[in-house]
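I opened my notebook today to get to know a new structure, one feature at a time. Come and look along with me.

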Amino acid sequence: MQFDTPDGPVDITITALTVAGWTGRDRAAVDHHIAELAELGVAPPSQVPLYYRCGPELLTQSGRIDVLGGDSSGEAEPLLLHAEGRLWLGLGSDQTDRALEAHSVAHSKQVCPKPVARALWAFDEVEAHLDRIELGSDILENGEWVSYQKGTLAAIRPLADLARDGGLAEGGAMLCGTLGAIGGVRPAERFRMHLSDPVLGRTITAEYAMRVLPVVA
């Protein structure tokens with residue numbers, strides 16, 4: 001995949017994808033969310049955080065993805081890439097099938113494409129002020145853009161810890177967890193997201209549409 005960096009474009013071959021789940025820094029809030037999902041039939045994680053392995057071919061920079069049925073939704077997440085001996089920070093969406101999630105979170109992660117932004121920042125340029133970096137998303141709902149997620153990376157476990165504990169190696173990509181959905185998790189026809197650095201004054205953005213494919217028997 002080709003990405004844009006402040007120093008110019010880079011081509012990165014991604015050979016492994018990890019989706020980190022249950023990565024909230026507030027453990028009490030994570031436990032509360034686990035209990036909420038358990039009431040909906042979602043099995044609790046075997047450990048916290050939990051690192052789901054997915055196929056790297058799921059990553060896409062397309063402005064449109066196809067999803068099976070109308071039960072999937074996106075969530076903005078910081079993206080880590082380990083390439084050419086260094087760590088990069090980007091932005092991605094862990095599009096997930098919510099109906100399948102009640103059966104198996106791991107399966108729900110694997111069945112949807114994972115859109116990622118084209119821009120990357122060198123991790124060492126932002127590591128000292130990561131907690132100040134803003135993460136957010138909006139969804140197109142009834143013809144209007146609605147705020148869907150909003151917060152900072154201070155709500156997520158330190159990204160360097162996730163990379164280390166999740167075994168992020170050369171050629172690896174990791175989606176690092178997300179923020180709560182304003183108004184509840186729900187599908188939408190379009191999803192847009194941003195990662196904003198108020199210290200260095202720059203923003204990564206991406207937007208994509210979802211085409212729902214029929215579930216036929």
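Here are my entries, starting with the whole chain and moving on to single residues.

**Entry 1: the whole chain**

I noted that this is a predicted model. I looked up the secondary structure and found five helices and 17 strands. The radius of gyration is 16 Å, close to the 17 Å that the globule rule gives for 217 residues, so the chain is as compact as a globular protein of that length. I then fitted a box along the principal axes, and the C-alpha atoms fill roughly 50 × 35 × 30 Å.

How much of the chain is buried? I found that buried residues make up 49% of the 217 residues. The accessible surface comes to about 10,200 Å², and 51% of that belongs to carbon and sulfur atoms. I also looked at contacts between residues at least 6 apart in sequence: 72% of them join residues at least 24 apart.

**Entry 2**

Then I traced an open sheet of six strands, in the order β4-β3-β15-β8-β9-β12, with mixed pairing. Which strands stand at the edges? They are β4 (50-54) and β12 (121-122); each has a single partner strand, so one side of each is left without a neighbour in the sheet.

I zoomed in on β4 and its partner. Strand β3 (residues 16-21) runs antiparallel to β4, and five bridges join the two. One pair I could point to is V19 with its bridge partner Y52 in β4.

**Entry 2: the five-stranded sheet**

I traced another open sheet, this one with five strands in the order β6-β17-β16-β13-β14, and its pairing is mixed too. From one strand to the next, the twist averages 25 degrees.

Inside this sheet I followed β13 (residues 134-141) and β16 (residues 190-197), which pair in the antiparallel sense over seven bridges. I found L135 opposite L195 in β16.

**Entry 3: a hairpin**

How many residues lie between β1 and β2 in their hairpin? I counted two. Strand β1 (residues 2-5) and strand β2 (residues 8-11) are antiparallel and share four bridges. Q2 stands opposite D11, while T5 stands opposite G8.

I remembered that in a regular strand the side chains alternate between the two faces of the sheet. In β1, I listed F3 and T5 on the covered face and Q2 and D4 on the uncovered one.

I checked for disulfides and the count came to zero.

**Entry 4: a buried glutamate**

I looked up E101, which lies in helix α2 (residues 98-101). Is E101 buried or exposed? E101 counts as buried because its relative accessibility is 13%, and the cut-off for buried is under 20%. Leaving out residues up to four places away in sequence, E101 touches V42, T96 and S108.

Which peptide bond is cis, with omega near -10 degrees? I found the one from V48 to P49. P49 sits in the loop between α1 (27-39) and β4.

Next I noted E84, a residue other than glycine with a positive phi, near 55 degrees. E84 lies in the loop between β8 (76-83) and β9 (86-93), and E84 is exposed at 59% relative accessibility.

My last stop was N142, which has a positive phi of about 55 degrees although it is not a glycine. N142 is in the loop between β13 and β14, and N142 is exposed, with a relative accessible area of 78%.

Definitions and conventions. Residues are numbered from 1 along each chain as its sequence is written. This is a predicted model: local features need pLDDT of at least 70, side-chain atom pairs count only at pLDDT 80 or more; totals for chains, interfaces and linings use all residues. Side-chain values use heavy atoms; hydrogens and water are left out. Two strands pair if DSSP finds at least two bridges between them. Buried means under 20% relative accessible area, exposed over 50%, partly exposed in between (1.4 Å probe, protein chains only). Contact means heavy atoms within 4.5 Å. A disulfide is a pair of cysteine sulfur atoms within 2.5 Å. Axes are lines fitted to C-alpha atoms, for helices over the stretch in contact, and angles run from 0 to 180 degrees between N-to-C directions. The radius of gyration is taken over C-alpha atoms; the globule rule is 2.2 Å times the number of residues to the power 0.38. Accessible areas come from the Shrake-Rupley method with a 1.4 Å probe; for residues, only the protein chains shown count as cover.
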